[in-house]
Amino acid sequence: MTTLGMKFPVSVADRRLAVGKALLFIACLLPLARAAWIVLSGEAVNPVEFITRSTGTWTLVWLLATLAMTPLRRLSGQGWPLKCRRMLGLFAFFYASLHFTTYVWLDQFFDWQHIVKDIAKRPFITVGFAAIALMTPLALTSTQGWMRRLKRNWGKLHRLVYPVAMLAVAHYWWLVKKDLTQPLLYAAALALLLGARLWWRARKS
Ligand code: HEM
C-alpha cells in the first residue's frame with residue numbers, strides 16, 4: 001500500500017520483513033558503536049590500530065554475510081535473505097569506507113604522495129585498495145534506478161562482488177605475519193560460499 005509516496009507494510013509477512021530489516025540495520029551498526037565506545041572511553045591501547053582492525057574485520061564479515069544470502073535463500077526456500085542482501089552489501093561498503101578513511105586520515109595524515117607509493121609498494125595494501133575500488137561501482141549502482149538503467153548488465157557488473165571478496169580475503173591473509181587461523185577461517189567460509197554456487201550451477205547444466 002502506498003500513501004503520499006511512502007510504502008507501508010500491509011501483510012503480516014511484510015511487517016515481519018520490515019521489523020527484521022530494522023533489527024538487521026541496528027545489528028550492522030553495533031560493531032561501530034562498540035568500537036566508538038572502546039576508543040572514547042580510552043580502553044584502546046592503540047586507537048588507530050584498533051579502529052583499522054575493527055573496521056577491516058567488519059568489512060569482511062558483512063561482505064561474506066552478503067554472499068551468504070543467495071545460498072541461504074536456496075536452502076531455506078524463503079524470500080527474505082535476498083531482501084536483506086543490498087543492506088548487507090552497503091554496510092560492507094560503509095565499513096570499508098571507514099577502514100580506508102582511517103588509513104588515509106589517522107594513519108597517513110592525508111600524505112597523498114606517500115599513500116600512492118604505499119598502494120604501489122606493499123602488496124596487501126595494493127590488494128585492499130583494489131577491493132575497495134571494485135566495491136565502489138557496486139555501491140553506487142545498488143539502487144532500483146540503476147538496476148532498471150543497466151538491465152542485464154547490472155547482474156554482470158555485480159558479479160564483481162566475487163573478486164572483491166577474494167581480494168579482501170587475500171588482503172587479510174597477506175598482512176597476517178604469524179597465526180593464520182583467522183584468515184584461514186575467512187578463506188574457508190568464502191570457498192564454501194563460492195563452491196556452493198559452482199556446485200548448483202554445475203547441477204543445472
Ligand atoms: C574490501 C576492502 C578491505 C577489507 C575487507 C579489509 C580488511 C582488513 C582486515 C580484516 C584487516 C585486519 C584486521 C585484524 O588485524 O584483525 C585489515 C587491516 C588493515 N587494512 Fe584493510 N581491508 C580492506 C581495504 C583496505 C584498504 C583500501 C586499505 C588501505 C589502502 C587497507 C589497509 C589496512 C591496514 C593498514 C591494515 C592494518 C595492518 C596491520 O595491522 O598491520 N585495507 N584490513
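Is His171 buried or exposed in this predicted model? His171 is buried, with a relative accessible area of 16%.

**View 1. Two histidines coordinate the iron atom of the ligand.** The coordinating atoms are NE2 of His99 and NE2 of His171, at 2.0 to 2.1 Å from the iron. The two histidines come from distant parts of the chain, 72 residues apart. His99 belongs to helix H3 (residues 80-107), and His171 belongs to helix H8 (residues 161-175). His171 counts as buried because its relative accessible area, 16%, falls under the 20% limit.

**View 2. The iron site has octahedral geometry.** For six octahedral donors, the ideal angles at a metal are 90 or 180 degrees.

**View 3. The ligand is surrounded by 20 residues.** The closest of these are Arg53, Gly56, His99, His171 and Leu175. In the side chain of His99, an N or O atom is 2.8 Å from a nitrogen atom of the ligand. For His171, a polar side-chain atom also lies 2.8 Å from a ligand nitrogen atom. Arg53 places a polar side-chain atom 3.2 Å from an oxygen atom of the ligand.

View 4. Glu49 is partly exposed, at 38% relative accessible area, whereas Arg53 counts as exposed, at 54%. Arg53 is also among the residues closest to the ligand. Side chains of opposite charge can pair when their charged atoms come close.

**View 5. Asp118 and Arg122 meet in a salt bridge.** Their side chains approach to 2.8 Å, N to O. Asp118 counts as buried, with 7% relative accessibility, while Arg122 counts as partly exposed, with 37%. How many salt bridges does a search of the whole structure find? The search finds two.

Note on methods. Residues are numbered from 1 along each chain as its sequence is written. This is a predicted model: local features need pLDDT of at least 70, side-chain atom pairs count only at pLDDT 80 or more; totals for chains, interfaces and linings use all residues. Side-chain values use heavy atoms; hydrogens and water are left out. Donors are N, O and S atoms within 2.8 Å of the metal (3.2 Å for Na, K and Ca); water is not among the atoms, so sites may look incomplete. Four donors count as tetrahedral if all angles lie between 85 and 135 degrees; four count as square planar and six as octahedral if opposite donors are over 155 degrees apart and all others between 65 and 115; anything else is irregular. Helices (H or I, at least four residues) and strands (E, at least two) are DSSP runs, numbered from the N terminus. Buried means under 20% relative accessible area, exposed over 50%, partly exposed in between (1.4 Å probe, protein chains only). A salt bridge is a side-chain nitrogen of Lys or Arg within 4 Å of a carboxyl oxygen of Asp or Glu. A residue is near a molecule or strand if one of its heavy atoms lies within 4 Å of it. A polar contact is a pair of N or O atoms within 3.5 Å; within protein, one must be able to donate a hydrogen and the other to accept it, and residues adjacent in sequence count only if both atoms are side-chain atoms.
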